[in-house]
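The reader may wish to keep the sequence and the structure side by side.

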Amino acid sequence: MSDQPRRPRKPAKPYRRPQKDPVRVLAFEALRAVDERDAYANLVLPPLLRKARENDDFDARDAALATELVYGTLRRQGTYDAVVAACVDRPLREVDPPVLDVLNLGAHQLLGTRIPTHAAVSATVELARVVLGDGRAKFVNAVLRKIAQDDLDGWLERVAPPYDEDPEDHLAVVHSHPRWVVSALWDSLGGGRTGIEELLRADNDRPEVTLVARPGRATTTELLDEEAAVPGRWSPYAVRLTEGGEPGAITAVAEGRAGVQDEGSQLVALALANAPVEGPDRMWLDGCAGPGGKAALLGALAAERGAVLLASEKQPHRAGLVAKALAGNPGPYQVVAADGTRPPWRPGSFDRVLVDVPCTGLGALRRRPEARWRRRPEDLDGFAPLQRGLLRTALESVRVGGVVGYATCSPHLAETRAVVGDLLKQFPDAELIDARPLLPGVPDLGEGPDVQLWPHVHGTDAMYLALIRRAG
């Protein structure tokens, strides 16, 4: 036995219960719902925020921070994944998804906000203790301290390949888009590096809330009385809320006389409504009407002219949303739950037809940032038959001299010009008409006759529109 005296043991640190931060816990819950249930943040977040506001300790600033943490993390997920991957000793796929969500939340606070470094690290580690446990919180702490050693520009120099060596991969990492999406958007733009970088940046900007004053039910003057409200850029019915806010708290929106609708979506409806037709103009069709924004605007415009709108939507629950949006329309309308590729109406029944077809949604990535990580190139093959089938039915449903509007919220060429080109071959009596004059005042609409809107050029979602007349 040793004669050396034993060192006294240090007293064990008392256990400290982790402190629950309601803002970051809510952000984590939203990210888990997006990952586990394929939910959309714009659907998950509002009810979580409403429930949190019932607590007197959760105020408007807390709601704003939670929203920024969720959307900022989702938008820059690809960039943060690359940074985290450089700071862990295992492949990223071996990091448990809840742990990766916490790490990306922390990375966003460190690299994408003005939250001080020590506060970002300590708050995220405390979140990890609450939702992951003490053991994994230590791992989170170690990784975040590595991330905190550099700023975003420094990390991008380290994790993004040089542009000259691999331009698409460089842009994918720097601007946080999957490589295949970068490639598809670049092809659609048909331009150089400046255009694609501006578009990718715009996809990562927080979009303004845009309202529509439904004709005959509300006016832009009424909506402009709201705080921080300014006129829309292009649509005469649009009002932008420059400081966000809660649209549902606006009286006209709560009453259904106005709605939330991107200006690009408004322009598509207006262009179809104003396209010249030969002969009568009494029956209009929205063949893919859910959830009802375009149908409500078209219904109001039809009512002004004494026309009737039929709004068709395949899914019954979405048809219910359309009926809700149209409730109170000043003129006659009808909502039906019907398959647009097997319609219950007779051919040649309508003077104007709109089909805003289901698509990949690549034109609305700034509003649904998680969609960029959820979509795959093979999804295009799944949408293609439906898009062509819906346009075929639309062309069969319009009378000779009438007009069809084909729209998508995607600029992908496989979902826009490829679909229109294929169907024009099948309908030799159909002809494209120039849509550009029907968007008065809107600049940079290309060579036509179809129109592609862009977030970085027009401040709208990347809506596509082709107008087609049945010439007979």
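How many helices and how many strands are there in the protein?

## Overall make-up

There are 20 helices and twelve strands in the protein, as seen in what is a predicted model. Taken along the principal axes, the box filled by the C-alpha atoms is roughly 110 × 55 × 40 Å, and 53% of the 472 residues count as buried. When contacts between residues at least 6 apart in sequence are considered, 72% of them join residues at least 24 apart.

The UniProt record, an unreviewed entry, carries the annotation "domain: SAM-dependent MTase RsmB/NOP-type" over residues 185-471.

## Helix α9 and its surroundings

Helix α9, which spans residues 167-175, packs with helix α11, residues 193-203, at an angle of about 25 degrees, and the two axes are 10 Å apart. Angles under 35 degrees count as roughly parallel, so α9 is roughly parallel to α11. The crossing in which α9 passes α11 is right-handed. On the α9 side the contact is made by His-170, Leu-171 and His-175, while α11 contributes Arg-193, Ile-196, Glu-197, Leu-200 and Arg-201. By class, the residues of this contact of α9 with α11 are three nonpolar, two polar and three charged.

The buried residues of α9 are His-170, Leu-171, Ala-172, Val-173, Val-174 and His-175, and they pack against α4 (77-85), α8 (152-159), α10, α11 and α17 (371-374). Ser-176, which follows α9, has a positive phi, near 60 degrees. His-177 is placed in the loop between α9 and α10, the latter spanning 179-189. Is His-177 buried or exposed? Its relative accessibility is 2%, and because buried means under 20%, His-177 counts as buried. Apart from neighbours within four places in sequence, His-177 is in contact with Ala-172, Val-182, Leu-185, Leu-200, Asp-203, Asn-204, Leu-365, Arg-372 and Trp-373. Leu-200 of α11, which takes part in the contact with α9, is thus also listed among the contacts of His-177.

## The pair α14 and α15

The axes of helix α14, residues 263-274, and helix α15 come within 9 Å and cross at roughly 35 degrees, and the crossing is right-handed. From α14 the contact draws on Ser-265, Gln-266, Val-268, Ala-269, Leu-270, Leu-272 and Ala-273, and from α15 on Lys-294, Leu-297, Leu-298 and Leu-301. By class, the contact of α14 with α15 has eight nonpolar, two polar and one charged residues.

Gln-266 of α14, named in that contact, is also one of the residues touched by Thr-210. Thr-210 lies in strand β1, residues 209-213, and is buried, with a relative accessible area of 7%. Its contacts, leaving aside neighbours within four places in sequence, are Ala-238, Val-239, Arg-240, Gly-259, Val-260, Gln-261, Asp-262, Glu-263 and Gln-266.

## Annotated binding-site positions

Which residues does UniProt place in the feature "binding site"? The unreviewed entry lists Cys-288, Ala-289, Gly-290, Pro-291, Gly-292, Gly-293, Lys-294, Glu-313, Asp-339 and Asp-356. Lys-294 also belongs to the contact that α15 makes with α14.

Gly-290 lies in the loop between β5 (283-286) and α15 (293-304), where it is buried at a relative accessible area of 14%. Not counting residues up to four places away in sequence, Gly-290 touches Glu-313, Arg-318 and Val-322, and Glu-313 is itself one of the positions in the record. Asp-339, by contrast, counts as partly exposed at 22% relative accessibility, and it lies in the loop between β7 (333-337) and β8 (350-356).

## Trp-345 in the loop between β7 and β8

Trp-345 is found in the loop between β7 and β8, and at 12% relative accessibility it counts as buried. Beyond residues up to four places away in sequence, Trp-345 touches Leu-285, Leu-310, Ser-312, Phe-350 and Ser-397. Trp-345 and Ser-397 are 52 residues apart along the chain, and their C-alpha atoms are separated by 7.9 Å.

Conventions. Residues numbered from 1 in each chain as written. Predicted model: local features only at pLDDT ≥ 70, side-chain atom pairs only at ≥ 80, totals over all residues. Heavy atoms only, no water. Axes fitted to C-alpha atoms, helices over the stretch in contact; angles between N-to-C directions. Helix = DSSP H or I, 4+ residues; strand = E, 2+ residues; numbered from the N terminus. Parallel < 35°, antiparallel > 145°, perpendicular 65-115°, else oblique. Left-handed = near helix turned anticlockwise from the far one by under 90°. Contact = heavy atoms within 4.5 Å. Nonpolar A, V, L, I, M, F, W, Y, C, P; charged D, E, K, R; others polar. UniProt positions renumbered as here; feature names shortened; annotations may be inferred. Buried < 20%, exposed > 50% of the residue type's maximum accessible area, 1.4 Å probe, protein only.
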